[in-house]
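Take a look at the model below. The text then walks through it step by step.

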There are 2 protein chains.
Amino acid sequence: MTTRREQTSGESRELILGAAAELFAEKGYRQTTFADVAERSGISRGSIPWHFGSKEGLLLAVLERSVETLRAGLPTEPDLDVLVAGLEELFTRPTSKLFVTLLVEALEPGSPIHGRYAAIHETLREHCRQWLSRFPLPDGVSADALAVALIGAGIGIHQQWLVAPDKVDLPRSLAALRYLVAGVA
Amino acid sequence: MTTRREQTSGESRELILGAAAELFAEKGYRQTTFADVAERSGISRGSIPWHFGSKEGLLLAVLERSVETLRAGLPTEPDLDVLVAGLEELFTRPTSKLFVTLLVEALEPGSPIHGRYAAIHETLREHCRQWLSRFPLPDGVSADALAVALIGAGIGIHQQWLVAPDKVDLPRSLAALRYLVAGVA
């Protein structure tokens with residue numbers, strides 16, 4: 001049974017994480033302060049280090065939350081239609097720019113989130129590899145390398161759309177990715 | 001004829017641009033100061049605004065220089081082997097992380113480089129579209145949408161390799177992209 005105090009604490013944690021994810025997406029990680037997160041979340045500034053230790057701790061927790069979101073969006077059974085619909089839903093969320101913020105922070109020398117971020121890419125590739133391993137591939141093209149290219153296409157479609165949502169037709173671009181995948185499989 | 005003064009000025013400009021590109025790649029745009037650029041380039045701090053006006057002016061000039069680099073690397077005749085070799089050379093340059101720095105800055109609200117950065121993506125897609133328009137494509141898959149997916153794959157392969165150069169085999173991943181492109185064409 002959850003006590004009232006635990007419930008409130010869990011709720012505060014969620015409110016802080018949601019506000020931080022929005023702010024990291026909008027302003028970037030470095031430009032966001034605990035004061036900004038407190039204002040956006042309505043939770044007192046002092047509670048943030050209590051929940052997350054440091055700003056790095058908050059960044060890691062935001063990353064873990066994105067991982068959960070990503071994982072929940074992956075189809076359990078390989079189904080290209082479900083996958084493409086899931087990507088469109090994920091990419092058009094208001095905070096989807098957060099993926100770019102996390103990438104940049106992961107690439108900082110000595111980044112505290114590098115290992116965890118790299119593990120996300122690896123999980124996505126592994127998912128894709130397992131799926132590709134069902135199909136015969138031509139000589140010289142490994143499931144490994146194709147997984148990098150296909151996951152890469154998802155990443156790059158999303159970023160081009162973030163840069164120019166008026167020029168990049170997201171649903172049709174994802175349909176083109178689906179076509180490329182179907183051509184392999 | 002170039003006078004001695006012009007030559008020196010052009011050389012200083014190049015030294016500043018080279019140093020700024022390195023620092024923006026290593027530390028990011030916001031973390032880089034004119035003092036850093038002066039120290040790295042060996043050109044006096046006061047010369048930088050003389051050449052570029054402001055830090056934003058310097059960022060724009062670094063972007064234009066990257067565009068020139070990109071343009072020089074595009075094959076004049078469509079040739080997949082030349083393209084793949086060009087991408088590998090481009091991605092493995094020491095300053096290739098600069099593309100991520102520029103992406104993040106372009107995505108900042110009110111970014112001074114957004115329009116120019118968006119134009120680069122558009123140029124790459126246009127190149128790809130023209131090339132794809134030579135081939136019959138299946139119903140429901142436009143050259144537009146395929147160009148987004150294929151340019152996206154290039155972007156996403158590069159980023160996965162930046163994150164985990166030990167896990168992502170860049171030459172084989174680019175070979176997989178080549179295979180996807182060849183399957184379309």
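A:Ala145 touches B:Arg172, B:Ser173 and B:Ala176, leaving aside residues up to four places away in sequence. The model is predicted. A:Ala145 sits in helix α8 of chain A, which covers residues 143-163. Is A:Ala145 buried or exposed? A:Ala145 is buried, because its relative accessible area is 4%, and buried means under 20%. Within chain A, compare A:Ala145 with A:Arg125. The two are 20 residues apart in sequence, and their C-alpha atoms are 9.2 Å apart in space.

Now turn to A:Ser173. This residue lies in helix α9 of chain A, residues 170-184. In chain B, A:Ser173 touches B:Ala145, B:Val148 and B:Ala149. In chain A, A:Ser173 touches A:Ile157 and A:Val168. Residues up to four places away in sequence are again not counted. The relative accessibility of A:Ser173 is 1%, so A:Ser173 counts as buried.

A:His121 also has contacts in both chains. Its helix is α7 of chain A, residues 114-132. Which residues does A:His121 touch, not counting those up to four places away in sequence? They are A:Ile155 in chain A, and B:Gln160 and B:Val163 in chain B. A:His121 counts as buried because its relative accessibility is 5%.

Next comes the nonpolar core. The largest one has 132 residues. Which of them touch the most other members? They are A:Leu58, A:Leu132, B:Leu58 and B:Leu132. Take A:Leu132. Its contacts are A:Ala143, A:Leu146, A:Ala147, A:Leu150 and A:Val184, with residues up to four places away in sequence left out.

Step back to chain A as a whole. It has nine helices and zero strands. From the N terminus on, its elements run α-α-α-α-α-α-α-α-α. The C-alpha trace of chain A spans about 60 × 40 × 30 Å along its principal axes. Of the 185 residues in chain A, buried ones make up 50%. Consider the contacts in chain A between residues at least 6 apart in sequence. Of these, 64% join residues at least 24 apart.

In the model, residues 10-70 of chain A are 79% helix and 0% strand. The end C-alpha atoms of that span lie 21 Å apart. The unreviewed UniProt entry also lists a "DNA-binding region" at residues 33-52 of chain A. Over residues 33-52, chain A is 70% helix and 0% strand. Here the end C-alpha atoms are 14 Å apart.

Rolling a probe the size of a water molecule over the atoms shows where empty space is left. How many cavities of 30 Å³ or more does the structure hold? It holds two.

The largest cavity has a volume of about 300 Å³. It is lined by 26 residues. Closest to its centre are A:Val104, A:Glu105, B:Gln31, B:Val104 and B:Glu105. Which elements give two or more residues to this lining? They are α1 (4-27) and α6 (98-107) of chain A, together with α1 (4-27) and α6 (98-107) of chain B. By class, the lining of the largest cavity has 10 nonpolar, six polar and 10 charged residues.

Stay with α6 of chain B for a moment. This helix is mostly covered, with nine of its 10 residues buried. Among the buried residues are B:Val104 and B:Glu105. Others in the buried set include B:Leu98, B:Val100, B:Leu103 and B:Leu107.

The second largest cavity has a volume of about 70 Å³. Its lining consists of B:Val67, B:Leu70, B:Arg71, B:Leu74, B:Arg116, B:Ala119, B:Ile120, B:Thr123 and B:Leu124. By class, the lining of the second largest cavity has six nonpolar, one polar and two charged residues.

Note on methods. Residues numbered from 1 in each chain as written. Chains lettered and ligands numbered in written order. Predicted model: local features only at pLDDT ≥ 70, side-chain atom pairs only at ≥ 80, totals over all residues. Heavy atoms only, no water. Core = buried A, V, L, I, M, F, W, Y, C linked by side-chain atoms within 4.5 Å. Buried < 20%, exposed > 50% of the residue type's maximum accessible area, 1.4 Å probe, protein only. Contact = heavy atoms within 4.5 Å. UniProt positions renumbered as here; feature names shortened; annotations may be inferred. Helix = DSSP H or I, 4+ residues; strand = E, 2+ residues; numbered from the N terminus. 1 Å grid on protein atoms, 1.4 Å probe; cavity = no way out; pocket = protein on both sides within 12 Å on 5 of 7 lines; lining within 4 Å. Points joined across faces, edges and corners; volume = space filled by probe spheres on them. Nonpolar A, V, L, I, M, F, W, Y, C, P; charged D, E, K, R; others polar.
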